[in-house]
Amino acid sequence: MASKPNFVQISEAQFRTNFSDLHPPLGDNAAVVEASRCLFCFDAPCTIACPTHIDVPKFIKKIATRNVHGSARTILEANILGASCAKVCPVDVLCEGACVMNHHNEKPIQIGLLQRYAMDWADQRDYQPFAAGNPNGKKVACIGGGPASLACAAELAQMGYDVTIYERKPLAGGLNTYGIAEYKLTPKDAVRETERVRHLGVKFECGVEVTDHIGEATGKAKAPATQRSISFRELEDQYNAVFIGIGLGETLDLKIPGEDLGGVVDALSFIEEYKTRRTKCRVGKRVAVIGAGNTAVDAATAAARLGAAEVRMVYRRSEKEMPAFAYEYELAKRDGINFNWLTQPVRIHGKKHVEKLECVRMELGKPDKTGRRRPEPVPRSKFFIECDMVIKSLGQTKFEGFLQGILHLNRAKDGRVMVDEMTYQTSNPKYFAGGDCINGGQEVVDAVADGKKAAHGIHGWIQGLG
Amino acid sequence: MADLSITFAKKIKSPNPFWLASAPPTNSGFQVMRAFEAGWGGAVWKTIGEPIVNTTSRYSSIDYNGVRMMGFNNIELISDRPIEDNLREIYEVKKRFPHHAVIASLMVESKREVWHDIVKRTEDSGTDGLELNFGCPHGMSERGMGSAVGQVPEYCEMITAWVKEVAQTPVLIKLTPNVTNIAAIGRAAKRGGADGLSAINTINSITSIDLQDLTPRPKVRGKSAHGGYCGPAVKPIALNMVSQLTCDPEIQIPVSGIGGISTWQDAAEFMLLGCTSIQVCTAVMHYGFRLVEDMIDGLSNWMDEKGFKTIEDFRGLSLARMTDWGNLDMNYKIVASIDPDKCIGCDLCHIACWDTAHQCIHIEGEGREAPTRNEREAAMNFLQPPVHHPLTVHEPILHSRGITNQNIGISGNGGARRAAPPITPLHASTQDAPPALRSNRVPYVDEEECVGCNLCWLVCPVEGCITMKEVDTGLPEESWNKRLKRLSQTAE
């Protein structure tokens, strides 16, 4: 980002304050008191609600008896990324949402914070509860170093597989490392968690691009020329099975004039930049975020915390249709974000750099095929929003080109990789898939659950081959 | 408003039945005056005798589920202050608070003239009564005092009689619970001439052991000794022992109830079993003297609600409802009833009944069906686990419903050796996480099998969700004793 007078920067001290823990950890006694509130439900709804089915009452009871060691092990047995999930899971709609206390006019047990308590214990000791299994001579490659691949690799390594993760970025962890709001999860913690997978003997090939059969690089060819690469064909030759955990692609374009002006960035790149460059990341004084999903909230709150004087979220539908979780919306409001509901950007103005956003007002018409009322432009409603920076957050693409390199890989109309419901095997039997690339973009914990299940699918398939 | 004032053993008057027990809170005049200002009706002074030397530390406790001091333990001895200081302060307190009850607790070596001397000196201070400490179970007992006296009926009777030879004020005997039959000691005190009893003193205890350094608590330079246990945990034991005293036809002298009393409800319970006054220690050591405000207020409101004008109106009323097991009606039947609207679906009643009671609370839900009686019996006969499936493998919630269902199949299973599993359609997974439905988790009771044990009701965290309903068995009331009588009559 060019140095401009209408851009601001904050100090390291401010950065630390502004991006400190959203939910500070529980102390020892507070953890025991909170754990003791747990009713220890039989066949507990929280465990059912967790995609990785962590035995929640079991790990909580262990905190109550100060057996934090056993608690940490219980969590990690079900979810090798239990530490990041404790911080980033939308607990309101998962375990805590299912807590029976909600029917009891009481606050649900703070499962996320208790899980974090046990995971902090584990991290403070570099606790490694598991070891690699006896080598079985089989090799599996995982494409992508995010949660789905990490979970898949960890599971396979414990079964004796020789697993290699291929990640095109310099660090493993995927969106955990590069794409989650700093006040929820720091890159340091995300990378530390990948060490637990490395400890199982999983090899990490970071900075390696996987290319399609005709040697074309994935993504938008961002990789420097010196970057190493490996092709699908080579993977197929060298490995008994391949897991696809590539997540999603680039942020969708606005498809309006002016999109190439300076100061127009996509949300994920922006989040990655401030998380890796911290105070070196400059933010516009006035920022418009286009979109109203969870990532849009992450970008908007980050802009505000990086010192932007005015941050607004611009969304073409109304507050009711906002796709972000309710508590994310609350977070945005608490950070002083403004909202332009029923507003459609139509053009970005500026000489070299964005100066203002031209918009039209919308109104809601008849429901479309998603069941939401279709926004329609109001005639002669043009207006301008003055801004120094535009952050696009309209969702991500689905790696269309890249996946075409795999023969016989069937995908849904919307681009998602299709898998067998039980085994996570794709239509090309050597390939299995999980995470955002099959579900279109869900939570870290969903990706972990996919990776785990796919590992068992791979194991079953390879065993069947004999 | 109800009248809370009492007269204990005809002579000790107190504006309310709430006394502080002889313990650290009544160690000095300063403390007792603060307590009276806070509302306490009486105080039994920290036991006076030849001053002792204490150790550090002195206390340890048991916490439960994060709540502190559910049970409390001490190895502190009697007063470490000179006898004359204590007596002077009693005099000052009585001068300032003439209408409050001040009772001096005494413990001296077991010699007639020593007891005579201390009783006379103490009564000169203006105390309203004397409490002989025959209960302290630690330290003093090793020197032949405290519970060493209270555990032997003959000693207890003898020393009581010595004191009564000179005492002008009522004499209460404080009893130890560390005996096989507390009533036997109570009777001995009565024979010695006691005017009242105080019960119970603390129970021999080791509260806990530090699992890091393996030292029991409380620690005194790497060692510990058994102490005396008190606090909320001991209340049920104390209630039973008090009832053994108040029910005994040979005793029938006023009792001051002690043992885990923290609230007005606890106090009311002791009085319903016949106590005239009650004594508190651990609760004020936890929260301070201000605790008495709610004790007075709560008891008074309850009495107004129940129409009791004085303490005597309800004292001992529950004694008539205590009997021997042999007199209980065996034809009375209750069964559990679960209110589905109140149930929050924790299923604790189900697992408690299933694992540890009578297997009569079932859950019907997806993937689970309640076993029939035959199935259960069959399972028992073949020594197999009952037909019941604790969910270890959960069906995936996500990805359970695909948006596209075209079955493209997986061609060629690579020469799989085992039978190929049925081919499931490939799905593009969708966000589909239904919240756990409460209605699927509401258990139901098999009333035929329910024995009415109360366990489910006790484990249920929701007030009023499980109730125990009376069922008409059509049989006349009959106790074990009556049945034996009937059977012996038919035999004749």
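**Figure 1. Chain B as a whole, with 15 helices and 19 strands.** Helices here are DSSP runs of H or I with at least four residues, strands are E runs of at least two, and both are numbered from the N terminus. This is a predicted model, where local features need a pLDDT of at least 70, side-chain atom pairs count only at pLDDT 80 or more, and totals for chains, interfaces and linings use all residues. Residues are numbered from 1 along each chain as its sequence is written, chains are lettered from A and ligands numbered from 1 in the order in which they are written, and side-chain values use heavy atoms, leaving out hydrogens and water. Of the 492 residues in chain B, 50% are buried (under 20% relative accessible area with a 1.4 Å probe, protein chains only; exposed is over 50%, partly exposed is in between). Take the contacts in chain B between residues at least 6 apart in sequence: 72% of them link residues at least 24 apart (a contact is heavy atoms within 4.5 Å).

**Figure 2. Helix α8 of chain B, residues 264–272, is mostly covered.** Seven of the nine residues in α8(B) are buried, namely B:Trp264, B:Asp266, B:Ala267, B:Ala268, B:Phe270, B:Met271 and B:Leu272. The cover over them includes β3 (18–20), α7 (235–246), β13 (255–258), β14 (277–280), α10 (292–306) and α11 (311–314) of chain B. After α8(B) comes B:Gly274, with a positive phi near 110 degrees.

**Figure 3. Helices α4 (residues 56–64) and α5 (residues 68–78) of chain A cross at roughly 165 degrees.** Their axes come within 7 Å; each axis is a line fitted to C-alpha atoms, for helices over the stretch in contact, and angles run from 0 to 180 degrees between N-to-C directions. That angle makes α4(A) roughly antiparallel to α5(A) (over 145 degrees; under 35 is roughly parallel, 65 to 115 roughly perpendicular, and the rest oblique). On the α4(A) side, the contact uses A:Lys58, A:Phe59, A:Lys62 and A:Ile63, and α5(A) brings A:Val68, A:Gly70, A:Ser71, A:Thr74 and A:Ile75.

**Figure 4. A:Ala299 sits in helix α14 (residues 294–305) of chain A.** A:Ala299 counts as buried because its relative accessibility is 0%. Setting aside neighbours within four places in sequence, A:Ala299 touches A:Ala267, A:Phe270, A:Ile271 and A:Ile391. A:Tyr274 is 25 residues away along the chain, with 9.9 Å between its C-alpha atom and that of A:Ala299.

**Figure 5. A:Gly258 lies in the loop between β7 (241–244) and β8 (264–266) of chain A.** With a relative accessible area of 19%, A:Gly258 is buried.

**Figure 6. Stretches of chains A and B where pLDDT is below 50.** pLDDT is the predictor's confidence in each residue, from 0 to 100. Chain A averages 92, and 95% of its residues score at least 70; over its residues 215–223, however, pLDDT is below 50, and that stretch has twelve contacts in the model beyond near neighbours in sequence. Chain B averages 87, with 85% of residues at 70 or above. Its pLDDT stays under 50 over residues 379–425, where the model has 79 contacts beyond four places in sequence, and over residues 427–437, where it has 32. For the complex, the predictor gives an ipTM of 0.79 and a pTM of 0.83.
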